[in-house]
Amino acid sequence: MYQELLIKTTFDETLRRCMIYADEAPELILIQLVERKEIALLDEIVDRIHASTNRSFVLVGVPIIDWCKELMPWNDQAVDRRPESGKYAPQVLALLENEILPQLYQQYGALPVVLGGYSLGGLFALWASTRSSCFDYIAAASPSVWISNWMTYVENHPVQAKKVYMSLGDREEHCKNRYMKQVGDNIRSYHEQLIRQLGGDNTVLLWNKGGHFQDFAFRIADSYSWIILHV
């Protein structure tokens, strides 16, 4: 049974319906950035997490309307040619920090928070952790760390999370797109950087079978499960 949390964004005045699944006496808050069509997969994600772990949690699906506008930390013409692409990530971060999390804390207590996402959602989660201390753990499945200037940015902006999970499909770096094919080298380099920063026990890079669009729900669930099993 899901509850609903209605949030009106200040940057585009849309009313967004966050979906909340809550176990009894939850121990963690899991935040998942989702497209509206992916909200239908929340049941699969919750079921797989339950099958893999024995801890209680709250999972919150936060709808994203335009991934490139709202989740890219800056403009990258190779991803989206619109000038407004990458414009609203700071506002989405403020929405999480100042509106969504306070309401969750009020209802469930000041629990540790896992911020998760897939693709640009995973990229946003990693970026948000360099800008905010609100997120104790990061679960980034197939994050788009191939965008321009990512490696330069993270060299000077360490994460503030305690643990970071990253995964990638083993076919993702073998694509034809000359920009996206950098994802393998970049995620390996970033993982090494996270090991130096957090220690080898506090970060992991796991490889899934297939390309970028394969087994979305399972990859997301597994990212949260790893965090839950290691806290």
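C18 counts as buried, at 1% relative accessibility, where buried means under 20% relative accessible area, exposed means over 50% and partly exposed lies in between, with a 1.4 Å probe and protein chains only. The sulfur of C18 is 16 Å from the closest cysteine sulfur, that of C134, which is too far for a bond. A search of the whole structure finds zero disulfides, a disulfide being a pair of cysteine sulfur atoms within 2.5 Å.

This is a predicted model, in which local features need pLDDT of at least 70 and side-chain atom pairs count only at pLDDT 80 or more, while totals for chains, interfaces and linings use all residues. Residues are numbered from 1 along each chain as its sequence is written, and side-chain values use heavy atoms, with hydrogens and water left out.

The mean pLDDT of the protein (the predictor's confidence in each residue, from 0 to 100) is 93, and 99% of its residues reach 70 or more. Confidence is lowest in strand β1 (residues 2-8), at a mean of 92, and highest in strand β6 (residues 137-141), at 98; helices (H or I, at least four residues) and strands (E, at least two) are DSSP runs, numbered from the N terminus.

The largest nonpolar core has 58 residues, and those with the most contacts inside it are L115, F124 and W150. Helix α3 gives the most to this core, with nine residues. Apart from it lies another core, of 25 residues, among them L28, L42, V204 and I220. Such a core is a set of buried Ala, Val, Leu, Ile, Met, Phe, Trp, Tyr and Cys residues joined through side-chain atoms within 4.5 Å.

| Residue | Relative accessible area |
|---|---|
| D80 | 12% |
| T130 | 8% |
| C68 | 14% |

D80 lies in the loop between α2 (67-71) and α3 (89-108), and its side chain makes a polar contact with the side chain of R82 at 2.7 Å. A polar contact is a pair of N or O atoms within 3.5 Å; within protein, one must be able to donate a hydrogen and the other to accept it, and residues adjacent in sequence count only if both atoms are side-chain atoms. Not counting residues up to four places away in sequence, D80 touches C68, N75 and S85, contact meaning heavy atoms within 4.5 Å.

T130 belongs to helix α4 (residues 120-131), and its side chain reaches the backbone oxygen of W127 at 2.6 Å.
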